Amino acid sequence: MIQNFLLNKRGQIGEAENQKFSLTQIFPKGRGGQIGETMTWIVATLLIVVLLLISVYASVVLAKKMTLIPPLSENEFSIHDSFVKRSMMSYLLTKQNEDIVYKEIENRNTMDGFNYDLFIQIFYTIYQVVGESNYFVWMEVVSGSKGSGQFFDELTYGKKIISESVYLSDDKKIELNVRSKQDEKTKARATI
Amino acid sequence: MNKNGADKVLAVYWFAILAIIAGSVVAMVLNFYRFPYDVREIEAGIMTEKIADCISEAGKLNKNFNENFDIAEICHINLNSEEDEYYIETNFYDFEIWEKLFQEKHALENPILTFSTGNSNIKTDCEIQKEKEYGLPSRCDRKGFYVNGGEKKYFVEVLSVVRKTSENVK
């Protein structure tokens with residue numbers, strides 16, 4: 001009798017299931033399990049949608065940023081600056097006594113007197129006055145890889161950003177260095 | 001039967017997700033490539049470089065330099081029909097008094113000579129952008145250098161401005 005009832009019951013449930021489509025059929029589990037699994041799917045879907053929205057937004061922001069091509073002089077890997085080089089060439093060609101600064105430095109092997117004052121007047125003014133003291137600038141006669149030691153204390157800190165040199169002979173050169181106390185961004189201000 | 005129903009619903013779900021992801025990837029690519037490259041800063045930089053090369057020839061002041069110096073002609077700058085989109089200004093400061101003026105913060109107010117060409121109205125865009133950079137106005141490149149003019153020494157400031165907004169900004 002009980003067995004017949006169960007069979008009938010099973011038969012009824014089977015019919016109901018055939019007629020009506022419900023989540024019970026998809027997730028034939030207990031109610032707690034069904035809710036848990038459904039929530040997982042909803043959260044996963046929302047996560048995918050949110051991540052995609054962030055990516056779409058990021059693509060707009062990145063596109064705006066990356067399509068702005070910075071000037072070549074702001075290349076962080078470059079240590080050369082054509083304007084510093086230009087000033088340096090003019091400085092070396094400036095008349096000193098009967099000769100030019102280049103010849104005086106070549107003969108005396110160091111910077112002193114007029115050429116040192118002129119160097120201060122040009123480069124200290126450009127980089128330390130206009131650059132609001134964000135820079136160190138020094139010039140020295142370098143033999144091989146070793147400098148004369150002038151302004152050596154200033155070498156110990158700051159980031160080297162510009163280095164230009166003019167050769168006096170095969171193993172001797174005049175080197176001009178500009179070092180920033182802060183970051184690369186202030187470089188543009190220093191070049192006026 | 002239950003399994004078939006679940007598979008059908010899941011298939012629809014997966015197709016919907018696939019469509020969302022594909023749509024997003026397309027949107028990302030379209031977004032990324034719809035903005036034109038803004039090369040105005042490079043263009044202004046190249047102009048400044050060209051002017052500087054023309055004024056300082058290997059460290060010496062251009063031999064054609066005089067009080068009526070025509071930048072466009074001597075430096076071979078041809079702005080053609082796009083003259084309204086560019087502005088070039090060159091200021092010469094007396095180097096002997098330049099340092100003193102700098103200490104007093106007046107150095108860039110008293111050029112002894114000024115030469116310019118192009119549309120001077122767009123120069124104001126450079127002033128606007130001094131504190132904060134905006135996308136639309138013109139791009140400016142301002143550089144300075146020392147030049148040896150024999151008897152006289154100068155500090156030269158070159159300013160190049162490029163507007164060309166429609167070609168570079170969206």
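## Helix α4 of chain A

Phe83(A), Val84(A), Arg86(A), Ser87(A), Met88(A), Met89(A), Ser90(A), Tyr91(A) and Leu92(A) are the buried residues of α4(A), where buried stands for 20 or more other C-beta atoms within 10 Å of a residue's own, exposed for 12 or fewer and partly exposed for anything in between, with C-beta atoms placed from the backbone. The helix is thus mostly covered, with nine of its 12 residues buried.

Helix α4 of chain A spans residues 82-93 and reaches 16 Å from its first C-alpha to its last, close to the 16 Å expected at 1.5 Å a residue, the expected span being 1.5 Å times one less than the number of residues.

## Basis of the model

This is a predicted model, in which local features need pLDDT of at least 70 and side-chain atom pairs count only at pLDDT 80 or more, while totals for chains, interfaces and linings use all residues. Residues are numbered from 1 along each chain as its sequence is written, and chains are lettered from A and ligands numbered from 1 in the order in which they are written.

## Lys95 of chain A

Lys95(A) belongs to strand β1 of chain A, residues 95-96; helices (H or I, at least four residues) and strands (E, at least two) are DSSP runs numbered from the N terminus. Lys95(A) counts as partly exposed because it has 14 C-beta neighbours inside 10 Å. Its C-alpha atom is separated by 10.0 Å from that of Phe114(A), 19 residues apart along the chain.

## Chain B

Chain B holds six helices and six strands, in the order α-α-β-β-α-β-α-β-α-β-β-α from the N terminus. Of its 170 residues, 33% are buried.
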